[in-house]
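Subject: A structure for you to look at

Hello,

Here is the structure I promised to pass on. Please open it beside this message and follow along as you read.

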Amino acid sequence: KRGGKRAGEKSKDGKDSKARRLQGANGASVAGAAHNGAGPVVQGPLIQPLASQASLILQLTASQGDTDATYLESTRQANRGGTILLCKRADGHVLWSDVVREDVVAIRGNHHMSVVATSDGILYFFSKCGRRLLPAVMLSCQVAHLEVVAAPDKPMQTHVVVVTSDAVLRSWDASALQENCNTSLASLVRDGSGVERVWFSTAAVPVVEMSNGHSYAYHQGMKVMMRIADDHFQASSLSSLSSHRSQLVALPNPAGPLSRAIQVATRTFKPQALPGIIALDEEQQSQQTIAHAETCLASAMVLESPAEFKHWLSAYTKLLVQSAREGESTSGEARLRELCEFLLPPGGADSRHESKILGCSRKMLLGEVMQVMRSNRALQRLAAEFQLLAGHQA
């Protein structure tokens, strides 16, 4: 049977389940070979649900000093029905146990919380001591993917994300019982792409990684999925695939969720695209490079990744300053003005409260942009204008 096990989650016989790809709409089954008019055609799932397993085991915590690692196991009762849950230490000591009536398809968790998904789309939430934290949580369809993670800066705060077979993505702050995301992924799987995995950024932003290498993040404000990484900028001089990689990004990208998504997109490079890349002239490549930097800068904001935002802000500023120096177009200076206006603190120099972007001071960011601008004599007047507006010292 196809299963939903991953690294750390194995059958009791020790065999890892084979890697599973969640198929998209083109791979969905259809009940009935043809519609004979007797009734509606019943469509299969948009995403293949996880299959029930006779037994599963997940390591919840690692061993530390004298403390043994802890594991959560599920074992289907063949004769009496239902599934036994056992949380125990590596030495076999049982910490807690419970029984659910349904077949189990996935178990996820950490030191603070465990979540058990069943074959009929139910989630059970357990505390580290085995207390049932909630009644059975009823989902719209069967579970296709489940993840449970603790917030990096708040270990007691646990986030849960689930994808159901009707292509709905939902995530919660399980500690606060607060929904953070509820959106459809139907448009992502419509072309036959599958959901490879779902994960959280360091700021608990849900990210969906597809089989075609594209990655999407949920925008909390606009309530939509946004494509944060793809294969559309292979001709960009900022791309790792470029044969003449820009010296503006000589330093490696900082580790973070955007870098992770970009690496996945890079692995899906198709050699068939090379002739189209080579055919681009210098101006077209420059346009694609700037578009690439703008997309990465905006994606870092969606992911709420401060280090990556600063990295791409620096790369984007240098690209615009270089284009203005080389006189490629007047758009470079216009975009620099727009960027400075975006970074300018509300109220300018008269603002009493420090305004920030992803925890970074707007004045500091604007100062760094103006410092790069001063390297171009043609931009001195623009830099002086925003220096005055922001109240920076000369």
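Below I go through some strands, a sheet with a helix, and the nonpolar cores. Please keep in mind that this is a predicted model.

Strand β4 covers residues 55-61 and strand β5 covers residues 70-76; the two run antiparallel and are joined by six bridges. On its other pairing, β5 is linked to strand β6 (residues 83-89) by seven bridges, again antiparallel. In β6, E73 has L86 as its bridge partner. As a reminder, strands of a sheet pair through backbone hydrogen bonds, either parallel or antiparallel. Between β5 and β6 there are six residues, and the two strands form a hairpin. Look at G81 in that turn: its phi is positive, about 80°.

Next, find the open sheet of four strands, ordered β16-β17-β18-β19 with antiparallel pairing. Which strands stand at the edges? They are β16 (195-200) and β19 (224-229); each has a single partner strand, so one side of each has no neighbour in the sheet. From one strand to the next, the twist averages 30°.

Now for the cores. The largest nonpolar core has 42 residues, and the members that touch the most others are L313, L343 and M373. At least two residues each come from β19, α2, α4 (282-302), α5 (306-325), α6 (331-343), α7 (362-373) and α8 (380-390). Which of these elements gives the most? That is α5, with nine residues.

Leaving out residues up to four places away in sequence, M373 touches V321, L336, C340, L379, Q380, L382 and A383. Another core, of 19 residues, lies apart from the largest one, and its members include V163, L188, V195 and F200.

Best wishes

How values were computed:
Residues are numbered from 1 along each chain as its sequence is written. This is a predicted model: local features need pLDDT of at least 70, side-chain atom pairs count only at pLDDT 80 or more; totals for chains, interfaces and linings use all residues. Side-chain values use heavy atoms; hydrogens and water are left out. Two strands pair if DSSP finds at least two bridges between them. Axes are lines fitted to C-alpha atoms, for helices over the stretch in contact, and angles run from 0 to 180 degrees between N-to-C directions. A nonpolar core is a set of buried Ala, Val, Leu, Ile, Met, Phe, Trp, Tyr and Cys residues joined through side-chain atoms within 4.5 Å. Buried means under 20% relative accessible area, exposed over 50%, partly exposed in between (1.4 Å probe, protein chains only). Contact means heavy atoms within 4.5 Å.
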